[in-house]
Amino acid sequence: MKITYYGHSCILAEHEGTRVLIDPFLSENPLSGIKPDEIGTDAIVLTHAHGDHFGDTLTIARRNHCPVIAVFELAMYCQQKGVKTHAMNIGGAYCFPGFRVKYTPAFHSSSIAEGDQFLYAGQPAGVLLTMGDKTLYHAGDTCLFSDMRLIGERNAIDAAALPIGDNFTMGPEEALLAAQWIKTKHVIPVHYNTFPVIHQDPQKFTAALAEVGIQGHPLKSGESLEL
């Protein structure tokens, strides 16, 4: 599995010609380094509906004629906007051509801003994405929660994308504990430095991971990790 980071929480995972894009916040993301029309994918997976994750989903889905995989309410919203969808929910798994998605809990919120209204978009989620014999855990936006231990016990997680920004999600200290609970070998810090309120030092976080035997990868936009 090749994992490419495009700033904030956006990740493109690839294996044997299959591409899966998670949380494509690109055009309004000052750290993405890529435009929505420059990225190709076979599917889009969403953790939740906030604009810094939903981002350019509809534009990319239409251009690539690919499905949007999301929790039921968010999938139905996308379907109403005219794109192909596959609805799922927390705890459910499904095998698509070339990859498997399983949704896990995440403790956050999820809504879509339309004008001055916020539309209910179902539960926020984490994602276990398996391609070949490798599994990536994208935690989405979440606090630290004790069932991360269960996620780690029941799944062989090769790499994890964990938010470290604090304020809206867990911060570095909680993410360090989460990394140990899920028993991963590699961590990509996400959801930090996009805005001043979530400024963090990824090198300091990486050093803390190294002390407990976990390899941290503070990737810049466009950089990749090969598993």
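**Reading the strands**

A: This is a predicted model. Strand β11 (residues 125-131) runs antiparallel to β12, and five bridges join them.

Q: Which residue of β12 is the bridge partner of Thr130?

A: Thr135 is that partner.

Q: Why is β12 called largely enclosed?

A: Buried means under 20% relative accessible area. Four of the five residues of β12 (residues 134-138) are buried, so the rest of the structure largely encloses this strand.

Q: In which sense do β12 and β13 pair?

A: They pair in the parallel sense, over three bridges, with β13 spanning residues 159-163. His138 has Ala161 of β13 as its bridge partner. Together with helix α4 (residues 148-154), β12 and β13 make a right-handed β-α-β unit.

Q: What is the strand order in the open sheet?

A: The order is β6-β5-β4-β3-β2-β1-β16, seven strands with mixed pairing. β6 (85-88) and β16 (224-226) are at the edges; each has a single partner strand, so one side of each lacks a neighbour in the sheet. From one strand to the next, the twist averages 20°.

Q: How do β5 and β6 pair, and which helices pack on the sheet?

A: β5 (residues 68-71) pairs with β6 in the parallel sense over four bridges. Ile69 has His86 of β6 as its bridge partner. Helix α2 (residues 57-64) packs on the sheet and touches β3, β4 and β5. Helix α3 (residues 72-80) also packs there, touching β5 and β6. The direction of α3 makes about 160° with that of β6.

Note on methods. Residues are numbered from 1 along each chain as its sequence is written. This is a predicted model: local features need pLDDT of at least 70, side-chain atom pairs count only at pLDDT 80 or more; totals for chains, interfaces and linings use all residues. Side-chain values use heavy atoms; hydrogens and water are left out. Two strands pair if DSSP finds at least two bridges between them. Helices (H or I, at least four residues) and strands (E, at least two) are DSSP runs, numbered from the N terminus. Axes are lines fitted to C-alpha atoms, for helices over the stretch in contact, and angles run from 0 to 180 degrees between N-to-C directions. Contact means heavy atoms within 4.5 Å. Buried means under 20% relative accessible area, exposed over 50%, partly exposed in between (1.4 Å probe, protein chains only). A crossover is right-handed if, with the strands pointing away from the viewer, the path from the first strand over the helix to the second runs clockwise.
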